[in-house]
Amino acid sequence: MAMTRVAIRPHAGFALTIDSEKFEARTGGNLEIKVTAVRRDFDAAIELHLTGAAQAFAVTNNLIAAKKTNATMRVKIPDTLAPGSLLHFQITGSSKPSDPPTTAVVSTLNALRKAFPNLPHPPPALDGVLTLGILPPDSEKRVGDKKSSE
């Protein structure tokens with residue numbers, strides 16, 4: 001009987017996570033999202049992008065610098081979104097530059113496990129899906145608000 005030796009080496013790359021799967025922001029306001037990278041023999045910069053319903057939003061600070069483990073993205077919420085809207089989106093990271101190119105979708109499993117503590121294995125279809133609720137701008141009167149003169 002011949003023996004076969006198999007060597008398994010993890011490939012270089014990264015995984016991305018965030019602490020929450022849901023966010024709220026005001027129309028015309030800003031949203032900050034902290035993204036953490038777990039690196040595996042990968043030191044290059046990671047560029048972060050919004051996909052889905054938030055793909056066209058303006059984003060700043062969307063780069064995790066080389067050898068760093070986190071960044072706080074700043075997302076500008078358009079004035080055109082109606083208060084009460086719910087948007088679903090994802091964040092993806094891609095290597096910049098790297099050969100071969102490496103990409104990853106931000107995982108929300110830790111946030112889902114906190115939200116559903118009795119569900120040890122959240123459905124894989126929910127992993128990576130982020131929800132953004134749009135609030136009215138500060139200047140708009142909301143139900144239940146008290147007048148400033150009171």
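Q: How many aromatic pairs does the count come to?
A: This is a predicted model. Two rings pair if their centres lie within 6.5 Å. By this rule the count comes to 1 aromatic pair. The rings belong to Phe14 and Phe42.

Q: Is that pair stacked, edge-to-face or tilted?
A: Look at the angle between the planes. Under 30 degrees is stacked, over 60 is edge-to-face, and the rest is tilted. The planes of Phe14 and Phe42 stand at 50°, so the pair is tilted. Their ring centres are 5.2 Å apart.

Q: Where in the chain do Phe14 and Phe42 sit?
A: Phe14 is in strand S1, residues 13-17. Phe42 is in the loop between strand S3 (30-40) and strand S4 (45-52).

Q: Are Phe14 and Phe42 buried or exposed?
A: Buried means under 20% relative accessible area. Both Phe14 and Phe42 are buried.

Q: Which strands pair with S3?
A: Look for bridges between strands. S1 and S3 pair in the antiparallel sense, over 5 bridges. Within that pairing, Thr17 has Thr36 of S3 as its bridge partner. S3 also pairs with strand S7, residues 70-76. That pairing is antiparallel too, with 7 bridges.

Q: Which residues of S3 form the covered face, and which the uncovered one?
A: Read the strand one side at a time. Leu31, Ile33, Val35, Ala37 and Arg39 make up the covered face. The uncovered face holds Asn30, Glu32, Lys34, Thr36, Val38 and Arg40.

Q: Where does Thr27 lie, and why does Thr27 count as buried?
A: Thr27 is in the loop between strand S2 (22-26) and S3. Its relative accessibility is 12%, so Thr27 counts as buried.

Q: What is Thr27 in contact with?
A: Set aside its neighbours within four places in sequence. Thr27 then touches Ile77, Pro78, Asp79, Leu81, Pro83, Ile134, Leu135 and Pro137. With Leu81 there is a polar approach: a polar side-chain atom of Thr27 lies 3.1 Å from the backbone oxygen of Leu81.

Q: How many helices and strands does the whole chain have?
A: The chain has 1 helix and 10 strands. From the N terminus, the order is β-β-β-β-β-β-β-β-β-α-β. Of its 150 residues, 33% count as buried.

Technical notes:
Residues numbered from 1 in each chain as written. Predicted model: local features only at pLDDT ≥ 70, side-chain atom pairs only at ≥ 80, totals over all residues. Heavy atoms only, no water. Phe/Tyr/Trp six-rings, centres within 6.5 Å; stacked < 30°, edge-to-face > 60°. Helix = DSSP H or I, 4+ residues; strand = E, 2+ residues; numbered from the N terminus. Buried < 20%, exposed > 50% of the residue type's maximum accessible area, 1.4 Å probe, protein only. Polar contact = N/O pair within 3.5 Å; in protein donor to acceptor, adjacent residues only side chain to side chain. Contact = heavy atoms within 4.5 Å. Pairing = 2+ DSSP bridges.
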